[in-house]
Every structure is written in structure tokens, then in C-alpha cells.
Amino acid sequence: MQLAWSAEDEAFRAELVQFLDAHTPPQMQRGFDSYDVGDAHELVPRYLRDWQATLFDHGWMVPGYPPELGGRNCTPVQTLIYLETLASRRLLRSGHFPGYAIVAPSLLEFGNDEQKQLVPAAIRGDTIWCIGMSEPNAGSDLAGLQTRAELRDDHFVVNGQKVWTSYAMIAQKCFCYVRTDPTLPKHKGISLLIIDMDTPGIEIRPLRHINGTAGFAEVFFTDVIVPREQLVGSLNGGWAITQGSLAHERAGLWVESVSRYEHTIENLVDLARRMGRDTDPVIRRKIAASYELGSSLRALGYKGFASFAQGSSAPEHSYMKMATSEAGKAAYELGMEICGPLAPVSAPGLGVEDGRYVHMFFMSFANTVAGGSSEIQRNIIAQRVLGLPRR
Amino acid sequence: MDFSLTDDQELLRDTAHKLLERECPPALVRAHIDDPSVYESLWRHLAEYVALGNGPATDACLFLEQTGYVAAPGPFLATLLFRSLAGDDVDRGATTGTIALVGDDTHPFVLEADRVESVAIVLPGPKLAVVGASDLGVTFVPNVDFSRRLFTLAAPPARAEPLDPARLAAWRDRAHALLAAEMVGIARRIFDMSLQYAKEREQFDRPIGSFQAIQHKLADMSLALERATAAVHYAAMTVDAADAERERACHVAQAAAGEAARRILKDGAQIHGGIGYTWEHDLHLYLRRATADEYLLGSTGWHLDRLADLVMGPSQAVRGL
């Protein structure tokens, strides 16, 4: 156990810092919080697309991957340093996570050679992907999904509906989980298809987030023809891929989540000073407890999860997902408490930072639901980490 | 940044675990309630490890997690704290010791004063006096933790030498990390007992651990335990590196360990149901240590308030250590 990083790892960090100093676009300097309050007019602004391509071209997009996949074959520890450095500068890698974070690792693991050709563009962000998972009746019970794909000779015919599909309005491709055999037990009749979003029969209806912006959509499939070659993995073998891709989504996210949380706590200290609440012993103790939580979660992340930055699918991700999403919500609540009667005021100039904390509080509702609700995370911890019986 | 254990550290942890499992079963902790001298059989083994008090905090913490796990009676923690502060100065022949902090109302008690050779007494100034325990008047203070003996000091010594405040500050942080390590050890014992019980105990024809209400409780206990353990290891590393984050990290470790211990002892007792609050069941032997430890070197709230001073700047005069 030691605090210091190795000389090689420090050299890695220095090279990254040099790159970021030279290439970070000015629009990125405002940090990632602003995306949460929905002030980005475009869903994925141009400069953010260019930034992702720049990262890829310099081997800084997913540094653990080889150069042809936007990386530099770095070690898991260096990936952690990379994520930590980006997070400390509040830099996003990409404006759309599904492609590089879920599709790419899943295709590398389960796709055939032709499908793997799609990976570089997914990581570079040239192709925007959405993930067709949730349905009106398949949320936490993902295996209950009902979107039907019938195999007819050389193609599937897809009918059904997906919902909460992030980026569906701008995506070129959908990583879509469908039911290919309704006679099998529910986990065993699911397959994964790559569906081009311009295929006839697909209708997209944007859904507005609680903050008023359109971040996700409903997607309707009516007799959509999908060539058989676009099946990923084996027929009726899709469930194993969902397990991988959910884990990929969580992999490495803890560094950003913890950094975001710690940054929020720093902001709360400033806010308490500005609002004259920094000598209030109740506020002080709550801020200290929040600091303690962030600091101990960072230690937990380092201690147990360094290898997960490379995308392994160990269930311990659930600790960090559950803890950081719930901590974030509580921090925004504390922000509202510090604001006092001004907490719900969103009018520019009248409230506190245009209602930043109440907006963030609302937006934080997504974090304890999307990507596996806190309740599902607790089930996973209880059953897969602690070995408690399912029934 | 490397949280992985070296081979030597793994060996130390495993050796401690096996030794303490063998030499400090629940029966010994229970026997200690009526006959404090039973600790002597255990002490013959633990005495070989007191040099951990002068070594890296990471090693000391790994060992203390294991003494905590068995609620080991005797002056092991006291001696490690003593040697951390005074060990370089005192006669190497003295193997046992404890600490007294005079004029510190957050830390009023002296651990195990009736079974150590020396007492390092910290006086306002700060000053330090190391005196023979038999030369001091001490008064036993009964408390709920039967595995640990607390005392108050009758009168401070007449003579004391100046103590470098930086050395005292470093010792204080180290002491917080060490106690926090013992606390996560005791919390892990209660957690393990509760998890095992949830898997075995059946109601409504199923193990109670199959019920979501119990599963979610254990998931939350587990998170609290794992993050407190990580915070302790991080704190120990900052102590060994004399890192700028040391003071914050050690308060974080104690606060996280205190929260984890309290959550786990409460929810662990709840999971045990009626048997959890009986004298016959062993659970209470460990609940007692977990409860008392939280108040030994500053309560969770006290550590949070110190942390607030460090994070937000002080808002009032700092009392205590």
C-alpha cells in the first residue's frame, strides 16, 4: 500500500496533461455540470464531436485500447489516472456515451469480424449509437422485453417499442435487444440486433426530460426489416450481452461520478459562505459528512475497482453506482437547504445561480434509475457479492 | 496510488487472523467479563507484535483490523498508541504502555492503565511525561465494553518535557487511523455474523436473507463497511507518506468507521432478531466494543466537526486534542 504513483505512471500523466493543455477546446472549459442543467442547445454540439475525434486520433479516447481503436495500450492503473485527470478538469470525453462505452466493448467481445469493423467509428464518435433496451413494460425487469423480431429466411421483421432511449433522435444505429423466441423462458429468448435508424418503419418521438430538454425518446418499430447478418452473437443469446453491456456502462464511471460529487461539495462550501450559512453548525456538519462520503468513496474506488476501468463486468460496480448516485442527490438537497427560501426560484437574477441546485436535484432523479436502479444495485450486491439466496 | 497489499502485508494479515481466531475465541472475550486476567494467554502472543507501534501505520492497521475482529482484550491498541508517541525515547525493555491526555475533555480516559508498564502523559503546552504506571493513581471506569478497561488519572505528574507540536499532531492523526482500523475490524465481525445468520435463519419456510428487506439492509451495511475500510487504508498511507492530506484523511477514516460500526451494530442486531439482544448469544460481546470504540478518540460528530474546520475554515475555538 502506497500513495505514490510509479515514474512510468507519472510520465503518462504528464503526457496527458500536456495534450489537454494544448488541445482542450475553449467551450469545454465550463465543465460538465452545465450539461446537467440542460443549457446545451444541441444534444451533441459540434465542438464536442470534434473533441472526441481529436482524442481518438491522438490515442486518448479509450487509452487502454490499441491505437487503431483510439488508445495507446495503457495499463489499467493508467486508465484510472486518465479518467481522474479528465474528471479533475471536469472534461467530458464525448457527448454520447453509448457508442464508445457500451457498443464498442460489446462488439469486441461478441461481434463477428464484420461487426467489429463498426468499432472504430463508434469510439471516434463518427457513428452515433443508441441502446434499445428499456420498454414500457421492461424497466428493471429488462428480461421481460417484448419487442418482437421474427426470423424469416435471411432477415428479421421487428415490431415493438423502446422507451427512454437516449440519443435516439440523432443516432445512426441502434443496439437493439429483441425477443426472437417467445416460447423460451424470458432470459433465453432474447437476441441483439444492430438496426440502422433510417430503416423504414422506425418512428422516433422525443421525450422531454424533467428539466424540459429532449434527451431521450420513444422508438416505435413497425415491420422493420433487419438483415440476418446484423444479429450480434448467437440467436437467443442476447441476455449474456446485456450483462456485459450494463457492466461496461458502469465501468470507469465511478471516477467521474466521485469527482463530480467532490466538486459539488466544493461548490457547497462556497455557496454556504456566500449565503452566510458557513457558521451554521448543522450545515457545517452536513458538508463535513458529504466530504467524508466523497473521500471514502474515492478510496473505495481506488481500492477495489482499478481493474474495472478496463471494462471487466464484476458486480462490485454496483457499490459505486448506487453510492454516487444517491450521494449526488443528497448533495443537491443540501444545496437547496443552504439556499433557503430561494431554493426553488429559477428566474435569472432572482434566485441562486438560476435555480442550479433545484435543477440539479431534479436531474439527479435519473441517476438512481438509469443504468440499473439503486434497488437493482442492492439486489446485485446482496445476491452476487454477499451470496444471499434469490428466493 | 496502490491499495494492493504486498506479500509481507498479506502474510501479516493472515498470520494475525489465524493467531487471533485461535487464541481469542468468543469464550475468551466472555470469560474476560468476570476475570480480566484471562487476557494473559492471548497477550503472550500479541506481545511479539508491539513493534508495529513504531513501524508503518499500514501494517499496524492491518493487524488492528484483526484484533478488532475478535474484540481482543488487553493492552495491544494502548501499547501501539504508546509506542507511536513515546516508543523511540523509552527503555526498549518496556513492552507495554498507554497514553493519557490531560485536560482533554474529548479524550478523558486512559486505556488499560492497570496492566501496562508505562504511561505517556500529554499535558497542555504541549508537554510529555513518560512515567511508570505503578507510580500513578488511577481509577477504574466501568463501561459497556467488557473487553477493554478504562481509567481516569488521579493527578498529572509534576515534571514534563516540552513536546514538539508537530510530533503530537502526527501521533494524533496516526492514533485516529489505528483506532479506525480496529473499528472496521469489529464492524466486519458483526457484519459477517449477521450475514451468516441471514443465510441460516428460516422464517416463512425460507432463509430470511432471501427477503429483499434483509438483502437491502445487508447491501447498505456492506457498502458502509467497504468504504470505511478503504478510508482507513488510505488514511494509513497518508500517515506513512506524511502526506498533506493526512489530517483530513484520518478524520474521514474515523468518521466513516464510526458510521459503519454504528449502522452495522444496529442493523446486525436487528437481523439477529430476539437472539441478538440476549446475554447468551455472542453478538453482544462485539456490539459492546463497536459501541464504545466510537467514543474513544472523539465521536463521529467530533471528527466531522474537525473535518468541517479543515474543509470550511474554523468557526469556533477547537477543543480537544
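Reader: What's the strand order in the open sheet of 4 strands in chain B?
Author: Bear in mind that this is a predicted model: local features need pLDDT of at least 70 and side-chain atom pairs count only at pLDDT 80 or more, while totals for chains, interfaces and linings use all residues. Residues are numbered from 1 along each chain as its sequence is written, and chains are lettered from A and ligands numbered from 1 in the order in which they are written. Strands (E, at least two residues) and helices (H or I, at least four) are DSSP runs numbered from the N terminus, and two strands pair if DSSP finds at least two bridges between them. With mixed pairing, the order in this chain B sheet is E1-E3-E4-E7.

Reader: Which strands stand at the edges there?
Author: Look for a strand with a single partner, because one side of it is then left without a neighbour in the sheet. E4(B), residues 127-132, is joined to E7(B) by 2 bridges, running antiparallel, with Leu128(B) opposite Glu161(B). The edge strands are E1 (97-101) and E7 (161-162) of chain B.

Reader: What angle does helix H5 of chain B make with E1(B)?
Author: H5(B), residues 76-86, packs on the sheet and touches E1, E3 (118-123) and E4 of chain B; contact takes C-beta atoms, placed from the backbone, within 7 Å. Axes are lines fitted to C-alpha atoms, for helices over the stretch in contact, and angles run from 0 to 180 degrees between N-to-C directions. For H5(B) and E1(B) that comes to about 75°.

Reader: Over in chain A, which residue of the E2(A) and E3(A) hairpin takes a positive phi?
Author: E2(A) (148-152) and E3(A) (155-166) run antiparallel and share 5 bridges, with Arg148(A) facing Asn159(A). The hairpin has 2 residues between the strands. The positive phi, near 55°, belongs to Asp153(A).

Reader: Which element gives the largest share of the side of chain B that touches chain A?
Author: 42 residues of chain B are in contact with 33 of chain A. H6 (165-200), E9 (206-207), H7 (212-240), H8 (246-272) and H10 (300-312) of chain B each give two or more residues to that side. The largest share, 16 residues, comes from H7(B).

Reader: How many residues of H7(B) are buried?
Author: A residue is buried if 20 or more other C-beta atoms lie within 10 Å of its own, exposed if 12 or fewer, and partly exposed in between, with C-beta atoms placed from the backbone. H7(B) is mostly covered. Of its 29 residues, the buried ones number 25.

Technical notes:
Two residues are in contact if their C-beta atoms, placed from the backbone, lie within 7 Å.
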